[in-house]
Amino acid sequence: MKAAHVDPVFWKDKKVFLTGHTGFKGGWLSLWLASMGAKVTGYALAPNTTPNLFDVLAVDSLIEKSYIADIRDSASLQNAMSEVKPDVVIHMAAQPLVRYSYVNPVETYSTNVMGTVHVLEGTRAIDSIRATVVVTTDKCYENKEWVWGYRENEPMGGYDPYSNSKGCAELVTSAYRQSYFSNSNSTNNVASARAGNVIGGGDWSEDRLIPDAIKAFEANKTLMIRNPLATRPWQHVLEPLSGYLILAQALYEQGSSFASGWNFGPRDEDNRAVQEVVDLLILGWGDSARWEKEGSEQLHEANLLKLDCSKARTQLGWIPKWDLVTATQKIVQWQKAHQAKENMQEVSLLQINQYMSS
């Protein structure tokens, strides 16, 4: 199949309701959509770190409207959606951290499961919506620690509250699709998207490898790594975002044949151990950067996780563009530019344009 691409003509003047716009992926997606002329309304909690990409990119100035609110507040969410009457809904708001979920399981489930219910319930009352993409994670699968990539029809699971809540969100999405959006009266085509470990410039999230690495390197401190041999499907943030946009285009233009679950992960060779990713970052950052293995006892985390993205490649025409070497180079370039107080909207747009033309 011919490779698909994000189509700026499609997105121009489209009304997009985006949950999670204050987060790392949400900031990048808001900028990308706005640069194509989409009319974006964001709905999310306030950013929870300082600095954060939402403020650094001045996302508020790029989009039509920004609701700082909670997806667990069903009435507020549905009022916002009804006011916008969007063409496309992309649901990314979530409690996204594994270790945080061990400490705060109720918050994790209420956000990731009931938040998804509230978004899908909100779409039922709005006739204008033609495409809804619910974003979950590669961790939604029942992890058997095997060497093969998980396909979209594998069982949902999840050892920890975060991973399990995302498996639940997938089941919620499937149930809503079959119950409310698969009959001839429905014009809303609903799909879910499962991405790998997303990395990129501008991520200051707590308890994540790249932000922790950059923070240590900038302070000339040793990065402590919990599990250097753990293997993950690493990908630059623009990779899955392109997948979500291409999927939304297909749902909108071609309909229900694309209303299902989709994996958006890297090529097999970019399923790498944590220590390899850090070593690539150090290569770009400079000799002062260094790491050591953390010695304390750790909570359970998967050692091996991999996605099979054959379906997205063959049916959507979505193909990863940037390998891990390129991704780490882009991160170093972005973070060094931020250190130098450059215009980060321009720097980020340049990377988006480089990605689209590659």
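S165 has its place in helix α8, which spans residues 161–180, where helices (H or I, at least four residues) and strands (E, at least two) are DSSP runs numbered from the N terminus. With a relative accessibility of 0%, S165 counts as buried, a class that means under 20% relative accessible area, against over 50% for exposed and partly exposed in between (1.4 Å probe, protein chains only). Once its neighbours within four places in sequence are left aside, S165 is in contact (heavy atoms within 4.5 Å) with T108, Y109, N112 and V113.

The model is predicted, so that local features need pLDDT of at least 70 and side-chain atom pairs count only at pLDDT 80 or more, while totals for chains, interfaces and linings use all residues. Residues are numbered from 1 along each chain as its sequence is written, and side-chain values use heavy atoms, with hydrogens and water left out.

A salt bridge is a side-chain nitrogen of Lys or Arg within 4 Å of a carboxyl oxygen of Asp or Glu, and the count by this rule is twelve. Three of these pairs are listed here.

| Salt bridge | N to O distance |
|---|---|
| D70 and R72 | 2.8 Å |
| R272 and D270 | 3.9 Å |
| E276 and R272 | 3.7 Å |

R72 is partly exposed at a relative accessible area of 35%. Elsewhere, salt bridges link R99, D207 and R226 in a network.

K39 belongs to strand β2, residues 39–44, and counts as partly exposed at 34% relative accessibility.
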